[in-house]
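I opened my notebook to record what I looked up in this model. I go from cut-offs to contacts, then to the whole fold and the backbone.

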Amino acid sequence: MVKPKRIGILTSGGDCAGLNAVIRAAVYRAESTYGWEVVGIRQATHGLMLRPPEATPLNIEKVDPILTAGGTILGTTNKGDPFAFPMPDGTVRDRSEEIIEGYHILGLDALIGIGGDGSLAILRRLAVQGKLNLVGVPKTIDNDVGSTDLSIGFDTAVTIATEALDRLHFTAASHSRVMILEVMGRDAGHIALSAGIAGGADIILIPEIPYSLESICDKLDERHRQGKNYCLVIVAEAVRTEKGEPVMMTNMLGQSRFGGIGHYLADRICAASGAETRVTVLGHIQRGGTPSPIERLIGSAFGVAAVDLIADGKFDRMVTWRNRQVESVPIAEAIAHYKGVDPNGILVKTARSMGICLGD
Ligand code: F6P
């Protein structure tokens with residue numbers, strides 16, 4: 001008798017909406033089409049470092065209800081590079097061989113890794129080193145993974161940011177204020193640009209297009225001349241000061257992350273124009289909650305396609321969404337091409353044509 005295939009699946013990096021749709025579809029396809037077993041690995045590669053590896057068998061009955069659930073039923077982490085893993089005693093250790101061993105202890109024939117460019121790069125390095133059969137699925141609200149139009153999590157984040165603008169609109173108009181919405185996206189301005197257009201922002205600031213305070217104030221003047229007493233601004237977290245300095249928040253442990261550009265701009269706009277400003281930092285709200293229909297759709301298509309790649313023996317590849325089709329590319333190709341906003345692309349052109357100020 002031919003041994004049934006046993007495949008693992010893990011989610012790595014920051015969570016987002018839509019991850020469970022991928023897991024669910026992969027389990028459906030593996031079990032019902034191919035009769036394979038699926039094992040869900042806990043907390044990204046950390047589950048493979050533990051002994052015994054922390055993993056749970058998945059089947060259709062178990063995953064059927066998770067389509068609408070946010071986050072990931074498997075848990076995830078965006079910390080702890082296994083090639084330089086921070087140990088409790090303060091040292092760092094290469095734990096890659098433990099992960100590779102964990103894959104073999106679980107008796108896996110292949111692994112589906114759902115992650116952003118950083119996670120996919122780490123997973124690929126592990127796969128090359130250990131000769132593991134890896135297939136990648138792109139996920140990140142930042143939508144900056146190369147070779148794919150969409151990554152899991154982006155559509156829901158844009159939906160949430162758009163809804164925030166819709167809500168801010170009325171309070172901005174009621175109080176004649178400049179309302180600034182700070183959104184995530186790391187170094188890419190995709191969330192700000194898409195939500196800004198969809199939510200009717202007057203000013204969209206993204207890291208890919210340098211801005212000046214002067215053009216922001218010109219836009220405020222233009223709106224006043226048009227008899228509009230308020231302004232909606234959406235800014236991506238990695239937008240810098242006018243001098244090009246990043247705006248970061250540092251915690252008690254000295255760890256820095258993006259945060260604060262909204263408040264920085266609020267003060268600068270208030271000082272330069274006298275406008276009353278308020279700031280909303282959307283934060284992790286963008287990552288949580290119910291996945292949008294598009295997310296569920298693409299997540300399901302990705303889950304099925306990832307299992308089919310394994311069935312075809314096509315490893316070291318990542319599934320992609322392009323021109324309403326699921327295709328695949330070598331993982332190396334996807335992670336080699338970081339995808340920021342194209343300043344000459346269709347969405348920037350659309351925003352400019354609608355009279356939206358991009359700060360330049
Ligand atoms: O990469 C996804 C992302 O949500 C970024 O947009 C954001 O800068 C970062 O992760 C936040 O990470 P954390 O969950 O560690 O605060």
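Entry: the burial cut-off. I call a residue buried under 20% relative accessible area, exposed over 50%, and partly exposed in between. The model is predicted. I started with E276. Its relative accessible area is 36%, so I logged E276 as partly exposed. Next I looked up R177. At 14%, R177 is buried.

Entry: the E276 pair. I found E276 in a salt bridge with R177, with the closest N and O atoms 3.4 Å apart. I noted that the two sit in distant parts of the chain, 99 residues apart. E276 is in the loop between α9 (261-273) and β13, and R177 is in the loop between α6 (154-175) and β8 (178-183).

Entry: salt bridges in total. How many salt bridges are there by this rule? I counted 17. I followed up several of them.

Entry: R6 and E37. Their side chains meet in a salt bridge, 2.6 Å from N to O. R6 lies in strand β1 (residues 6-11) and E37 in strand β2 (residues 37-41), so this pair ties together parts that are 31 residues apart in sequence. I checked the exposure of both partners. R6 has 24% relative accessibility and counts as partly exposed. E37 has 37% and is also partly exposed.

Entry: R287 and D15. I found another salt bridge here, 3.0 Å from N to O. R287 lies in the loop between β13 (277-281) and α10 (293-311), while D15 lies in the loop between β1 and α1 (19-34). The pair therefore ties together parts that are 272 residues apart in sequence. Buried or partly exposed, I asked of R287? R287 counts as buried, at 17% relative accessibility. D15, at 21%, counts as partly exposed.

Entry: a network. Which residues join R93 in a network of salt bridges? I found R95 and E98 linked with R93.

Entry: aromatic rings. I searched for aromatic pairs and got 1. It is Y34 with W36, and the pair is stacked. The centres are 4.7 Å apart, with 20 degrees between the planes. Planes under 30 degrees apart count as stacked, so the 20 degrees of this pair qualifies. Y34 is partly exposed, with a relative accessible area of 29%. W36 counts as buried, at 10% relative accessibility.

Entry: charges over rings. I logged two cases. The charged end of R125 sits over the ring of F83, 3.6 Å from its centre. The charged end of R223 sits over the ring of Y230, 5.0 Å from its centre.

Entry: the whole protein. I counted 12 helices and 15 strands. The radius of gyration is 22 Å, close to the 21 Å that the globule rule gives for 360 residues, so the protein is as compact as a globular protein of that length. I also took the span of the C-alpha trace along its principal axes. It is about 80 × 45 × 35 Å.

Entry: Buried residues make up 52% of the 360 residues. The accessible surface comes to about 15900 Å². Carbon and sulfur atoms account for 53% of that surface. I then looked at contacts between residues at least 6 apart in sequence. Of these, 73% join residues at least 24 apart.

Entry: backbone. I looked for departures.

The peptide bond from R51 to P52 is cis, with omega near -5 degrees. I placed P52 in the loop between α2 (46-49) and β3 (55-58).

Where is S147? I found S147 in the loop between β7 (134-138) and α6. Its phi is near 70 degrees, a positive value in a residue other than glycine. S147 is buried, with a relative accessible area of 17%.

D316 is not a glycine, yet has a positive phi of about 65 degrees. D316 is found in the loop between α10 and β14 (317-322). I logged D316 as partly exposed, at 27% relative accessible area.

How values were computed:
Residues numbered from 1 in each chain as written. Heavy atoms only, no water. Salt bridge = Lys/Arg side-chain N within 4 Å of Asp/Glu carboxyl O. Helix = DSSP H or I, 4+ residues; strand = E, 2+ residues; numbered from the N terminus. Buried < 20%, exposed > 50% of the residue type's maximum accessible area, 1.4 Å probe, protein only. Phe/Tyr/Trp six-rings, centres within 6.5 Å; stacked < 30°, edge-to-face > 60°. Lys NZ or Arg CZ within 6 Å of the ring centre and 35° of its normal. Rg over C-alpha atoms; globule rule 2.2 N^0.38 Å. Contact = heavy atoms within 4.5 Å. Areas by Shrake-Rupley, 256 points an atom, 1.4 Å probe, with all protein chains shown as cover.
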